[in-house]
Structure formats: C-alpha cells, structure tokens
Amino acid sequence: MHEVSIAQEILTIVESCLPEGNRFKVNWVKIELGEFSNILPEPLEFGFEVLSKETRLSGARLLIEKIPLTVKCSVCGIITTLTEPFFYCPLCDSPNVEILTGTEMKVIEIEINEKDDAK
Amino acid sequence: MSLITLERKILEKNDEIADENRKLFSEMGILALNLVSSPGSGKTSVIEETIKMLKQKIKIAVIEGDCQTNLDAERIDALGIPVVQIVTNGSCHLDAMLVRDAFEKMDIDNSTLLFIENVGNLVCPAAYDLGEAMKVVIISTTEGDDKPLKYPAMFRNSEVLIINKIDLLPYIKSNVKEIIKNSHLINPNLKVFTTSCTSLEGLNEWCDYLLDKLKI
C-alpha cells in the first residue's frame, strides 16, 4: 500500500528535473520496477494519475518496465531468472545465490513536448 | 519532442537520509535494529522483555512507530527507558526522515541499543531503509507457517527471525520447523530465535546475541 508514496517520489524527482517555465508538458515518464520490488503497477498508476493532476505532470502517462528477478549462484556460477522468489540455484540446489536484478525502482527517462499554445 | 534521461532511484531521498542516520549511529556506537512484523506478532512485547533483561547491563532507547496512538510509547516509558512515538497518521511504514526527526528529539548516549519498532505490516516497511544496522523480522506461531513464502521481501531483507508466542504451540496447528524451512528458502542466512514473552523461553539466547553484537 505504499504505492502512493512511491508515486509522490516519482513526481518530486521529475518535477525537479523539468526545464523552467510553463512551456512544456510531460508526455510520459518511464520507470523500471523489479519483480521483487513489492510494488503493484495498478495502484502505482492510479496514485500517479491522481497526484499529478494539479502539477506540471498532469496528463503524463507512466510507462512501467518490469525487470525480472535474476540471481547468480555463488557455487556453480549459473545465472537464473526466478519466476518465484525461492532463492536457490536450480542447477546445484545451493541456497547461496546473489540477487543480480529484480529489486529496481528507478525513474529512467521522460519525454516532454512544447505545449501547443506556447508555440 | 525531447527526451530527458534521469536514471534516478525512486527512493533516493530516503536512502540518502538513511545513510546519514547509519553514519551517525555508527559514530555514536549505537546499534539500531528495525523491528518489522505483521500487527500483533509481539514486537512491543519482545522489546519490553528485552529491556527488562538487559537494562541493568546496557543503555537502551526506543522509537515507536504506529498509525495511531501513543500506547506503545507509554508501555516503554513505564520501564524508564527513553522513547519517542512516531504517529504516521495512517501511513503504512516508517521512513528515514521520520526516524531522523524522532532521533533528534531524544537524548541518547553513545553505545546504546536502539530499537526502532516499525508499523505492523509485512509488505511496505521492507522497501524503506531507515539507517538501521539490521532488520529483525518477527512472526508469531499463530500466523501460519507459510507467511515467509507469502511475504518474501521482508524475510529476504532481514538478518534475524524471531518466532514468537511459542508457548501457544500445544494449542494450535503450527510447526516451527516448517516456518524455519520456509524462511530459509527465502533467506538461508537468517539467524533464528524462538521466543515466548509469556514463559520467557528463548529470550536469554536473543539477549546474549544482542550483547555479542554490542561487543559487551
């Protein structure tokens, strides 16, 4: 249920990076979400839509790129994508695996557009 | 149209302040533990019993986090221990800023054991670094042996697991071995303690572990 807090952080980060003035609108914001980040896309999108309404990001879409959970076995070195978070190597059964990807929560990039009425 | 590359962690502000908290705790020799669990697992009871066992030997302080009320802080205050209550007004987790602000209100000496009791919730607090030395996840025997599998992030991100309310085992269908097995599937390095705050079983081992961590 912390998706609304996460949506607010995304808005804060993007607003701090926007060019000065009111000439631009934000078309979309692309973020990366790891499969093991504990964030549900739907409530995040909802929070983003509601919280962005009175900001310069009003109307911007949130593009979510899911990053799979991958681990590397410390014993045999194999890299595996886990579909369930049971942390052991499927090849040698070792529980000593290190998470490589899947915990990401990052704002990657945004697309901005000059507003029609500013042209 | 133009693209602006940001490449910034969503929780960067929280993580930055968490690092500052961690640095301050480390400089002061404070061992900060972030206690996480579902509501009603016995976080406050474990803190209370730990205080009773250790307060003659070490300095202890507590930051309490709840959605509402000062009830937990009143319980800790009754034991004569410095405590600050954070009321989140419905928010489901503590963050590094809340902990920093609470810590600034406390008069804490160096070399103190600091319990930070998070909001009862097995999901959201997993994402927020508070600057703690480690997370301690508590599960009570009545919650179901499969909880580690259902809430894996919390178990993966913790260093210690306390299985509490073991005095209830004769009355319920719960298997401690199964809880431990499931927890180790998620995190094989979890250090496990089994405790009861009613019979006080297992709490000596937990307290010895804390004294060892504080190097006393």
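1. Glu109(A) counts as buried at 15% relative accessibility. Here buried means under 20% relative accessible area, exposed over 50%, and partly exposed in between (1.4 Å probe, protein chains only). This is a predicted model, in which local features need pLDDT of at least 70, side-chain atom pairs count only at pLDDT 80 or more, and totals for chains, interfaces and linings use all residues; side-chain values use heavy atoms, with hydrogens and water left out. Residues are numbered from 1 along each chain as its sequence is written, while chains are lettered from A and ligands numbered from 1 in the order in which they are written.

2. What does Glu109(A) form a salt bridge with? The partner is Lys30(A), with the closest N and O atoms 3.5 Å apart. A salt bridge is a side-chain nitrogen of Lys or Arg within 4 Å of a carboxyl oxygen of Asp or Glu. This pair links distant parts of the chain: Lys30(A) sits in strand β1 (residues 24-34) of chain A and Glu109(A) in strand β6 (residues 105-114) of chain A, 79 residues apart. Helices (H or I, at least four residues) and strands (E, at least two) are DSSP runs, numbered from the N terminus. Lys30(A) is partly exposed, at 23% relative accessibility.

3. Over all chains, a search of the whole structure finds 17 salt bridges. One of them joins Glu48(B) and Arg75(B), at 2.7 Å from N to O. Again the pair links distant parts of the chain: Glu48(B) is in helix α2 (residues 43-54) of chain B, Arg75(B) is in helix α3 (residues 71-77) of chain B, and 27 residues separate them. Glu48(B) is buried at 14% relative accessible area. Arg75(B) is partly exposed at 33%.

4. Lys147(B) and Asp146(B) also meet in a salt bridge, 3.6 Å from N to O. Lys147(B) is buried, with a relative accessible area of 17%. Asp146(B) counts as partly exposed at 30%.

5. Which residues are linked in a network of salt bridges? Asp19(B), Arg22(B) and Asp129(B) are.

6. A patch of negative charge lies on the surface, where Glu201(B), Glu205(B), Asp208(B) and Asp212(B) gather. Patch members have over 30% relative accessible area and no salt bridge, and like charges are joined within 9 Å. Glu205(B) is placed in helix α8 (residues 203-213) of chain B. At 48% relative accessibility, Glu205(B) is partly exposed.

7. How many disulfides does a search of the whole structure find? Zero, over all chains. Cys92(A) is in no disulfide; its nearest cysteine sulfur, that of Cys73(A), is 3.6 Å away. The cut-off for a disulfide is a pair of cysteine sulfur atoms within 2.5 Å. Cys92(A) is partly exposed, at 32% relative accessible area.

8. Cys124(B) is buried, with a relative accessible area of 1%.

9. Is Leu33(B) buried or exposed? Leu33(B) is buried, at 0% relative accessibility. Its place is in strand β2 (residues 31-37) of chain B. Leu33(B) and Ile108(B) are 75 residues apart in sequence and 15 Å apart in space, C-alpha to C-alpha.

Terms used:
Patches are made of residues with over 30% relative accessible area and no salt bridge: like charges are joined within 9 Å, nonpolar side chains (Val, Leu, Ile, Met, Phe, Trp, Tyr) within 5 Å. Accessible areas come from the Shrake-Rupley method with a 1.4 Å probe; for residues, only the protein chains shown count as cover. Lys and Arg count as positive and Asp and Glu as negative; His and the chain ends are not counted. The place of a charge is taken as NZ of Lys, CZ of Arg, CG of Asp or CD of Glu.
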